[in-house]
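Could you keep the model open beside you while you read my notes?

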Amino acid sequence: MKKTVFIACLMMVLAFATQAQYGRYAIVDTKYILDKLPEYKEAQKKLDQFSEQWQKEVDSKQSALDKMYKDFEAEQVMLSPELKKKREDELFVREKEVRDLQRKRFGFEGDLFKKRQELVKPIQDKVYNAIQKLAVNRQLDFILDKSEGITVIFADPKLDRSEDILKELGVK
């Protein structure tokens, strides 16, 4: 009987030691969490409305440009070289305007990106802060996000071994 109790105690000590050695972790799905938040759904709805409005604006300019190209193709044989050059320059300018508008609305750091930052980022920050609070309160060492592949979204800085690796590589 003594031997059984000793073995049970030893196993418990080993289990706690293993837990302490490897740390405590959790997994969350931020996409699932965000989809459950009414303010996120509302922000997404607003973003979709802006996107649709801006796409209509781009499509309208593209349609006008397509008509200009079609008209030019039909008339170019009758145009003088000077008039032909003038129309080609005008087409070039209009094409650049369409590309610039598309980039302004949908490009990197364009209007849609800025609107997303304005509407969605505060909600994402709220979720991140809740995750960080959970990690601290439950003494978790790191939290993984499974929504888009596995991503570490919180890690206790004491677990970072980057400096040890740099020392191993001889980098100061």
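My comments follow as numbered points, from the overall picture to the details.

1. First, the ground rules. This is a predicted model, so local features are taken at pLDDT of at least 70 and side-chain atom pairs at pLDDT 80 or more, while totals for chains, interfaces and linings use all residues. Residues are numbered from 1 along each chain as its sequence is written, and side-chain values use heavy atoms, with hydrogens and water left out.

2. Read from the N terminus, the order of elements is α-β-α-α-α-α-α-β-β-α. Of the 172 residues, 22% count as buried, a term that stands for under 20% relative accessible area, with exposed meaning over 50% and partly exposed in between (1.4 Å probe, protein chains only). The accessible surface comes to about 13600 Å², and 58% of that belongs to carbon and sulfur atoms; such areas come from the Shrake-Rupley method with a 1.4 Å probe, and for residues only the protein chains shown count as cover.

3. Contacts over sequence distance are worth a look too. Among the contacts with a separation of 6 or more, 61% are between residues 24 or more positions apart, contact meaning heavy atoms within 4.5 Å. A pair to look up is Gln124 and Leu34: they are 90 residues apart along the chain, and their C-alpha atoms are separated by 7.6 Å. Gln124 sits in helix α6 and is partly exposed, at a relative accessible area of 39%.

4. Now the sheet. It is open, has three strands in the order β1-β2-β3, and its pairing is mixed; strands pair if DSSP finds at least two bridges between them. On average, neighbouring strands are turned by 25 degrees against each other, direction ignored.

5. Strand by strand, β1 (residues 25-28) and β2 (residues 142-145) run parallel and are joined by four bridges. Ala26 stands opposite Ile143 in β2, and Val28 stands opposite Asp145. Ala26 and Val28 also make up the covered face of β1, whereas Tyr25 and Ile27 form the uncovered one.

6. The other pairing, between β2 and β3, is antiparallel and again has four bridges. Here Asp145 stands opposite Thr151 in β3. In the hairpin of these two strands, five residues lie between them, and Gly149 takes a positive phi near 80 degrees.

7. Two helices are worth checking together. α5 and α6 pack at an angle of about 40 degrees with their axes 4 Å apart; axes are lines fitted to C-alpha atoms, for helices over the stretch in contact, and angles run from 0 to 180 degrees between N-to-C directions. That makes α5 oblique to α6, because angles under 35 degrees count as roughly parallel, over 145 as roughly antiparallel, 65 to 115 as roughly perpendicular and the rest as oblique. Arg116, Gln117, Glu118 and Leu119 of α5 make the contact with Lys121, Pro122 and Ile123 of α6.

8. Finally, the charged pairs. How many salt bridges does a search of the whole structure find? There are 14, each a side-chain nitrogen of Lys or Arg within 4 Å of a carboxyl oxygen of Asp or Glu. Asp111 and Arg105 meet in one of them at 2.5 Å, N to O, and both residues are buried. Together with Glu57, Arg105 and Asp111 are linked in a network of salt bridges.

9. Two further salt bridges lie within helices. In α3 (residues 38-75), Asp71 and Lys67 are four residues apart, about one turn of the helix, and their closest N and O atoms are 3.0 Å apart. Asp71 is partly exposed at 28%, and Lys67 is exposed at 52%. In α5 (residues 111-119), Glu118 and Lys115 are three residues apart, about one helical turn, and their side chains meet at 3.4 Å, N to O. Glu118 is partly exposed, with a relative accessible area of 48%.
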